[in-house]
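Dear colleague,

I am passing on the structure below, followed by notes on what was found in it. Please read the notes alongside the coordinates.

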Amino acid sequence: MKLNNFSRRISPNFSGVYRLTGRIVEFDQHGSPYIKLRLSNCDTDYIAGLDADNETIPETIGYLDQVTVSGIECGSNSLGLDVKLHNIRLASRDEVNMQPYLHSLPRVYCSAPESLDKLVASVRSLKSVHLKNFIRRVIERKDRLEVFLNAPASRSHHHAYRGGLLEHSLEVARNVVAMIKLNEPNMPRALLELGFVAGLLHDIGKTFTYDSQGKPTNAWSLCEHDALTLEACAIALAYLDRHEPELAITLRHIWTCASPGARYGVRPATTLARYVRDADAQSAASNKFSHAFRKTKSGLVRKGSEILWTPATKPLLSHTKSKHL
């Protein structure tokens, strides 16, 4: 089957803005070269073909760039293509900004797609446009997104597997919101959402300490990831300084104030800082316990120098309907 058998006279029925996540030159059954591309977003990805004889890819387009494409859907074919492209070019800034929040995160490279779905839904549910734009400026960067989706949260302590950083970050963010609703139900919505953002990005500095395959970099041995969090958020914080300066300084405070055992930092001046700290610790502890007791339901388990304990319990028997605790 030849790629150019897909007629250009057919009206394009495929278009959009995608991340370019793969590119290779292949040959069809007649020996004609074509360019096979992978186009990805947070929902799905497509295998697309481009006729190498009649179409070209601009040299300025690189890996993980956002591109605007149009073409026709192929249906079933021997080349395994979803789409034949007619046009491909770099997406303009306006086209990128018009996409739904976190649309460009490539699902194909996410080790925990269920966590990605929760992340996208949670971020899109925020009311604050400025906080959504803040998150977009942090996570949807080419030099951050792959690592954020694939890195572990730690090497051996907790969430020590690919995709662990995303899972842990989302757990902390959602637990911060839960604690606020329980303890301070009258907190303004803007501050509740700020707590979500602070929890979600509290470990974003770890995207400097792992590579896209989840392996430690030199920064893992040489730098504290806490200090790198502000660097990872620098562009986004500059944006927030212009629109919501009080929120920007509060995020800086939350991420740098002292916690038990810290070597530096001022005392926490907002309950948000304590919620983030406690949610972080609880997420790490629950994951560590879950991992430690994956082979047994109760008893003592040693993990390094720690002793972990889960008491044995018996099923509760009752002849009456149970009441809420």
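H159 counts as buried, with a relative accessibility of 0%, where buried means under 20% relative accessible area, exposed over 50% and partly exposed in between, with a 1.4 Å probe and protein chains only. H159 lies in the loop between α4 (142–150) and α5 (164–183), helices (H or I, at least four residues) and strands (E, at least two) being DSSP runs numbered from the N terminus. Its phi is near 45°, a positive value in a residue other than glycine, while most residues other than glycine have a negative phi. L64 also has a positive phi, near 70°; L64 sits in the loop between β3 (45–51) and β4 (66–73) and is buried at a relative accessible area of 3%.

The model is a predicted one, in which local features need pLDDT of at least 70 and side-chain atom pairs count only at pLDDT 80 or more, whereas totals for chains, interfaces and linings use all residues. Residues are numbered from 1 along each chain as its sequence is written, and side-chain values use heavy atoms, with hydrogens and water left out.

Leaving aside neighbours within four places in sequence, F134 is in contact (heavy atoms within 4.5 Å) with residues including V197, L201, L237, L240, L251 and W255.

Helices α9 and α10 pack at an angle of about 140°, with their axes 6 Å apart; axes are lines fitted to C-alpha atoms, for helices over the stretch in contact, and angles run from 0 to 180 degrees between N-to-C directions. The two helices are therefore oblique to each other, since angles under 35 degrees count as roughly parallel, over 145 as roughly antiparallel, 65 to 115 as roughly perpendicular and the rest as oblique. This contact is made by L237, L240, D241 and H243 of α9 and by P245, L247, A248, L251 and R252 of α10.

Finally, S40 is in strand β2 (residues 33–40) and is buried, with a relative accessible area of 0%.

Best regards
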